[in-house]
Amino acid sequence: MRLFRNYRIIGLLLALVFFFSLIAIAAEEKAPTFKYVGSAKSNVYHYPSCGSAKRIKPGNLVSFSSAKDALGRGYRPCKVCKPPAQD
Ligand SMILES: [Zn+2]
């Protein structure tokens, strides 16, 4: 009976580990993969930390995975936060 109880605890721990790894995977997928952001209303791209980038309305936010991506879509680097023109 005691042995059975130990197996139950191990099973519970395994279930917990499995559950938390699922949460970790979900969090990873939600993490932003973009490096730079811009506004659909302008042609400037910024570091996400730039003050101008923070003023962009969420509905107008455009994200870029690289400088090449931003330039390819007709955007130019911001003169304030100065993101690189190439990665
Ligand atoms: Zn900027």
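**View 1. Four strands make up an open sheet in the order β3-β1-β2-β4, with mixed pairing.** β3 and β4 sit at the edges with a single partner strand each, so one side of each has no neighbour in the sheet. Strands here are DSSP runs of E with at least two residues, helices are runs of H or I with at least four residues, and both are numbered from the N terminus. Two strands count as paired if DSSP finds at least two bridges between them. In general, strands of a sheet pair through backbone hydrogen bonds, either parallel or antiparallel.

A note before you zoom in: this is a predicted model, in which local features need pLDDT of at least 70, side-chain atom pairs count only at pLDDT 80 or more, and totals for chains, interfaces and linings use all residues. Residues are numbered from 1 along each chain as its sequence is written.

**View 2. The whole chain, for orientation, holds 3 helices and 4 strands.** The C-alpha atoms fill a box of roughly 70 × 25 × 20 Å along the principal axes. The radius of gyration of the chain is 22 Å, whereas a compact globule of 87 residues would have one near 12 Å; this radius is taken over C-alpha atoms, and the globule rule is 2.2 Å times the number of residues to the power 0.38. A domain assignment, automatic or from a database, divides the chain into domain 1 (1-31) and domain 2 (36-77). The C-alpha centres of domain 1 and domain 2 are 40 Å apart.

**View 3. β1 and β2 form a hairpin with 4 residues between them.** These two strands run antiparallel and are joined by 2 bridges. Look for G38, whose bridge partner in β2 is Y45. β1 also runs antiparallel to β3 (residues 61-64), with 4 bridges joining β1 and β3. Here Y36 has F64 in β3 as its bridge partner.

**View 4. β2 and β4 run parallel and are joined by 2 bridges.** Y45 stands opposite P77 in β4. R76 belongs to strand β4 as well, which covers residues 76-77. R76 is partly exposed, because 14 other C-beta atoms lie within 10 Å; the scale calls a residue buried at 20 or more such atoms within 10 Å, exposed at 12 or fewer and partly exposed in between, with C-beta atoms placed from the backbone. Leaving out residues up to four places away in sequence, R76 touches N43 and V44. Two residues are in contact when their C-beta atoms, placed from the backbone, lie within 7 Å.

**View 5. The largest nonpolar core brings together 10 residues: Y36, V37, V44, Y45, A53, I56, F64, A70, Y75 and C78.** β1 (36-39) and β2 (44-46) each supply at least two residues of this core. A nonpolar core means a set of buried Ala, Val, Leu, Ile, Met, Phe, Trp, Tyr and Cys residues joined through C-beta atoms within 7 Å. Not counting residues up to four places away in sequence, Y75 touches G38, N43, V44, Y45 and A70. Of the 87 residues of the chain, 15% count as buried. Among contacts in the chain with a separation of 6 or more, 53% come from residues 24 or more positions apart.

**View 6. I10 has its place in helix α1.** With 10 C-beta neighbours inside 10 Å, I10 counts as exposed. The C-alpha atoms of I10 and R76 are separated by 56 Å, and these residues are 66 residues apart along the chain. For R8 and R76, which are 68 residues apart along the chain, the C-alpha separation is 60 Å. Helix α1 (residues 2-30) is where confidence in the chain is lowest, at a mean of 83, while β4 has the highest, at 98. That confidence is pLDDT, the predictor's own score for each residue from 0 to 100. The mean pLDDT of the chain is 90, and 92% of its residues reach 70 or more.

**View 7. K82 has a positive phi of about 50° although it is not a glycine.** Most residues other than glycine have a negative phi. To find K82, look in the segment after β4. K82 counts as exposed, because it has 11 C-beta neighbours inside 10 Å.
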